[in-house]
Amino acid sequence: MLAEAQPWVFQLHLEVWFLVAAFVGLGIYASRRIAPQLSSARITRRQKIFFWSGALVLWLASDWPMHDIAEEYLYSVHMLQHMLLTFVFPPLVLLSVPTWLARLVVSEGSGVYTWLKRFTHPVVAGLVFNGLTALTHWALVVNLAVENGPLHYTIHLAMVIAAFLMWMPVCGPFEEMRISLPGQMVYLFLMSILPTIPAAWLTFAENPLYSAYEEAPRLWNVTAAHDQQWAGLIMKLGGGMYLWAIITYLFFVWAMRHEQAERAGVVVGERDVLTWDEVQETFDRLGPGPSEPAVGSAPDRGDG
């Protein structure tokens, strides 16, 4: 007979609190101690919002009750946890990092910079992230991770690092590592297609694939088979809709910048249109057209 489910019994995770506190502490230190020492450094309000949103997502996905429900009861919640840690947390953090701070931590020409540039190449980053995603859905890995806490945290760490690499070509603080907007749209489209294979595997499997969750106490009368199917749907539909929302946003940004460049009478290539700082610099140099007002300032990444 399965044990009784008790998901709402509070469990203290000091390691999670330490992790979140360290993350917040580093952000506050950069804002209050490092930025004031550099005359050209600034952190925008939008970057602060991204940072605190990222801290909140990290805490919600890693602490009680989501962590405990994901590890002890429902694989679908485990999938939701993974989606938050790989699809939501990394872009929020990357959007919160000013370019001046990124270059201060990782100086151009250093060995770390060289390796970072190699692993954030879209092909490499995409293969690493999706390869790890496939590996973490292997029944042996899932069952071992549920039973072994350190292994579980190691897998989460590896997935988050791979996710940061995957998101760098889209919203990383290093402009030279970002790809053009059309490239970003194609890239994210591929990121939405590749998970289809493991998602379909979870959704259409006739029997539960993971003994660790099949033998877990049943929560909210959700069977192991239905739990697994929900996990597949979260991965495919939830992740796919999220990425497609971003793709749609990028398309409208791309179209808007093309229109503004055309109105200003500026001939630019895709890369210029997609690197807004370069376009704005051209607008400022040429001034407003004969019948057009000056183009307003672009969103600031806080580069100073």
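**Close-up views: pocket, cavities and a helix pair**

**View 1. The lining of the largest pocket has 34 nonpolar, eight polar and three charged residues.** Here Ala, Val, Leu, Ile, Met, Phe, Trp, Tyr, Cys and Pro count as nonpolar, Asp, Glu, Lys and Arg as charged, and the others, Gly among them, as polar. This is a predicted model, in which local features need pLDDT of at least 70, side-chain atom pairs count only at pLDDT 80 or more, and totals for chains, interfaces and linings use all residues. Residues are numbered from 1 along each chain as its sequence is written, and side-chain values use heavy atoms, with hydrogens and water left out. The largest pocket has a volume of about 1500 Å³. Of its 45 lining residues, Phe-23, Leu-26, Val-93, Val-97 and Phe-164 are the closest to its centre. H1 gives the largest share of this lining, 14 residues. On a 1 Å grid over the protein atoms alone, a pocket is an open set of points with protein on both sides within 12 Å along at least five of seven lines, a cavity is a set where a 1.4 Å probe fits but cannot get out, and lining residues have an atom within 4 Å of a point. Grid points are joined across faces, edges and corners, and a volume is the space filled by probe spheres set on the points.

**View 2. Helix H1 (residues 14–34) packs with helix H2 (residues 45–62) at an angle of about 170°, their axes 9 Å apart.** That makes H1 roughly antiparallel to H2 (an angle over 145 degrees). Axes are lines fitted to C-alpha atoms over the stretch in contact, and angles run from 0 to 180 degrees between N-to-C directions. Helices are DSSP runs (H or I, at least four residues) numbered from the N terminus.

**View 3. The largest cavity has a volume of about 160 Å³.** Met-83, Phe-87, Phe-129, Thr-133 and Met-235 are the closest to its centre of the 18 residues that line it. Helices H4 (75–96), H7 (122–135), H10 (181–193) and H13 (224–263) each supply at least two residues of this lining.

**View 4. The second largest cavity has a volume of about 110 Å³.** Its lining includes His-78, His-82, His-137 and His-152. H4 provides the largest share, four residues. By class, the lining has six nonpolar, five polar and no charged residues.

Note on methods: Parallel < 35°, antiparallel > 145°, perpendicular 65-115°, else oblique.
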